[in-house]
Amino acid sequence: MSLRIVVTVKYVPDATGDRHFADDLTVDRDDVDGLLSELDEYAVEQALQISENADDAEVTVLTIGPEDAKDALRKALSMGADKAIHVEDDDLHGTDAIGTSLVLAKAIEKAGYDLVISGMASTDGTMGVVPALVAERLGVPQVTLLSEVSVEDGTVKGRRDGDAASEQLEASLPAVVSVTDQSGEARYPSFKGIMAAKKKPVESWDLSDLDIEAEEVGLDGAFTKVETATERPARTAGTIVKDEGEGGKQLAEFLAGQKFI
Amino acid sequence: MAEVLVYVDHVDGAVRKPTLELLTLARRIGEPVAVALGNGAADTAATLAEHGAVKVLTHDASEYAEYLVVPKVDALQAAHEAVSPAAVLVPSSAEGKEIAARLALRIGSGIITDAVDLEAGDEGPVATQSVFAASFTTKSRVIKGTPVITVKPNSAAVEAAPAAGAVEALAVTFSGQATGTKITGRTPRESTGRPELTEAAIVVSGGRGVNGAENFSIIEALADQLGAAVGASRAAVDAGWYPHTNQVGQTGKSVSPQLYIANGISGAIQHRAGMQTSKTIVAVNKDAEAPIFELVDFGVVGDLFDVVPQLTDEIKTRKG
Ligand SMILES: Cc1cc2nc3c(=O)[nH]c(=O)nc-3n(C[C@H](O)[C@H](O)[C@H](O)COP(=O)(O)OP(=O)(O)OC[C@H]3O[C@@H](n4cnc5c(N)ncnc54)[C@H](O)[C@@H]3O)c2cc1C
Ligand SMILES: Nc1ncnc2c1ncn2[C@@H]1O[C@H](COP(=O)(O)O)[C@@H](O)[C@H]1O
């Protein structure tokens, strides 16, 4: 039986760009170039490796996002994913983590799955909670923040390097996995992969395809509200000295002045 | 007065510092009721009482150590039902965020993660967050359900505020999902004897400029003179020079110490994301154009192999 893998990927504003907020205090996604979240490339990579080691597997990449989010899907397809699903609806604008998890869970169920693989966190929101929320909604085990993952005989195993200990985890499929940037370098799309991606199917779904009401998502459905967003004042220019043989002592003098020594 | 649930992060009964900081913040909103789970849960009570917990709800079962995350969510949900709190506060560790998120979903609430401050507001607690690699500061509220908020370490001072801290057993029934993800093995982290990276008052970090695992002894020597924790950039970690647990940045630890000393680190946005809220920032870098210098209170343009040992010696001398 085929192993159906769904990879959730997010289209995010480039972190090296000048990210800011729009007037409605949502993340401005128009003025900064977007891309497939680098941390989700690791999820795509692990999905491809698992699929390569399975007899028969299919990798579907799934994103919720505006029109441009197709770029993220195309990148994942050119890395080697088989097909893509784009959930796009004007009413999704401003959806928070709770709402995102609802839409993802509904879409994952509609697509059909044995294994969901997510990134450790999105590089814009950086909450790192969506995979746990999706697992809660789907009612399947969460096997998250793995730096090593493998699937065999309907069981997913992995290593989670936590604060206090490194843990070996194990769960039966279906399950939701998330992987860290320690899980292994993501491959670059080959020229052949980029050409092939153009012919791969990309399905578009809106809220009605998922039986979700507009009020459940978007800014109206949000469970949290950003009330103010202010740019952090630029740090006042510090003192910079060139080491002419006394740099360490000058630094010690500064630290002593600040009462650190 | 309204009660505020505080999830206790502890190791066999030893309460970790971020939880005590949460108690300080919780007291701004109401009366802290602590929830301590697992081995040693009841041993946390004395410390928690000293810092303001009016009650300590405890429960121990093997499930907490044998299965991932969900048993703790079940327990926190039981505590939420028992107490009907004004808010639930959880330390912002990777696990803390997952527990908090699943709880929020179950109780029909919103979640705010990685708050760096918390105040009482007319319409419920207002959380301050630092976003986009700390280039923006936002204030947010949970507008549906009981606010569930995770708070980063070093966001408040630990304060003594003696309270009753009465221990009560929490009744917990585990859900069907509780045993979904089995923990089949656990290798505890070896203690270095240095402060915990996220909790330390001073962090001394090394990057690609340190140029080799063996050279990290220079960074460690400075850290030890200052009683500091040691951090590393991803470049240093990826090169295998220092463990990933010490990585500072977007995909490592986020630190907010009184003093951060960056040595041989260029200051890429992903590194800044994890240290930009440090109170005082110092850098040593041989490239005067390195972006890290945009952040510093004091910077030395120079070779770290000259500057850092000299600094370490000078501190030693000054301390006599
Ligand atoms: C999705 C993603 C997540 C990431 N997460 C993180 C993260 O969590 N943490 C992180 O740190 N990075 C992270 N990065 C990587 C980040 O982009 C940078 O590549 C990294 O921070 C660079 O580390 P560095 O400053 O040590 O190395 P470099 O950028 O190579 O800088 C080394 C610096 O050392 C200086 N130097 C060299 N020799 C000496 C000497 N003898 N004396 C003094 N100075 C010297 C050089 O002038 C240079 O400025 C992430 C990247 C991505 C894409
Ligand atoms: N809009 C989205 N579309 C698809 N996947 C998402 C979206 N938002 C979050 N995710 C997934 O959830 C992970 C964690 O996101 P977060 O909890 O927002 O930090 C990401 O790495 C993605 O795999």
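## Salt bridges

Let's start with charges: across all its chains, this structure holds 34 salt bridges. The model you are looking at is a predicted one. Side chains of opposite charge can pair when their charged atoms come close.

One of these salt bridges joins the side chains of Glu148(A) and Arg159(A), with 2.7 Å from N to O. Glu148(A) belongs to strand β7 (residues 142–152) of chain A and Arg159(A) to strand β8 (residues 155–161) of chain A, so this pair ties together parts that are 11 residues apart in sequence.

## Where ligand 1 sits

Now turn to the ligand. Which two chains does ligand 1 lie between? You will find ligand 1 between chains A and B, in the second largest pocket. Chain A gives two or more residues to the shell around ligand 1 from α1 (38–53), while in chain B the elements that do so are α7 (234–238), α8 (269–272) and α9 (304–319).

In total, 28 residues surround ligand 1, and the closest are Arg208(B), Ser233(B), Ser266(B), Gln270(B) and Asn285(B). Sorted by class, this shell has 14 polar, eight nonpolar and six charged residues.

## Contacts with ligand 1

Have a look at some atom pairs. A polar side-chain atom of Gln247(B) is 2.8 Å from an oxygen atom of ligand 1. In His271(B), an N or O atom of the side chain lies 2.8 Å from an oxygen atom of the ligand. Val248(B) uses its backbone instead: an N or O atom there is 2.8 Å from a nitrogen atom of ligand 1.

How much of ligand 1 does the protein cover? On its own, ligand 1 has 990 Å² of accessible area, and the protein covers 83% of that.

Terms used
Residues are numbered from 1 along each chain as its sequence is written. Chains are lettered from A and ligands numbered from 1 in the order in which they are written. This is a predicted model: local features need pLDDT of at least 70, side-chain atom pairs count only at pLDDT 80 or more; totals for chains, interfaces and linings use all residues. Side-chain values use heavy atoms; hydrogens and water are left out. A residue is near a molecule or strand if one of its heavy atoms lies within 4 Å of it. A polar contact is a pair of N or O atoms within 3.5 Å; within protein, one must be able to donate a hydrogen and the other to accept it, and residues adjacent in sequence count only if both atoms are side-chain atoms. Accessible areas come from the Shrake-Rupley method with a 1.4 Å probe; for residues, only the protein chains shown count as cover. On a 1 Å grid over the protein atoms alone, a cavity is a set of points where a 1.4 Å probe fits but cannot get out, and a pocket is an open set with protein on both sides within 12 Å along at least five of seven lines; lining residues have an atom within 4 Å of a point. A molecule sits in a cavity or pocket if more than half of its atoms lie within 2 Å of its grid points. Helices (H or I, at least four residues) and strands (E, at least two) are DSSP runs, numbered from the N terminus. Ala, Val, Leu, Ile, Met, Phe, Trp, Tyr, Cys and Pro count as nonpolar, Asp, Glu, Lys and Arg as charged, and the others, Gly among them, as polar. A salt bridge is a side-chain nitrogen of Lys or Arg within 4 Å of a carboxyl oxygen of Asp or Glu.
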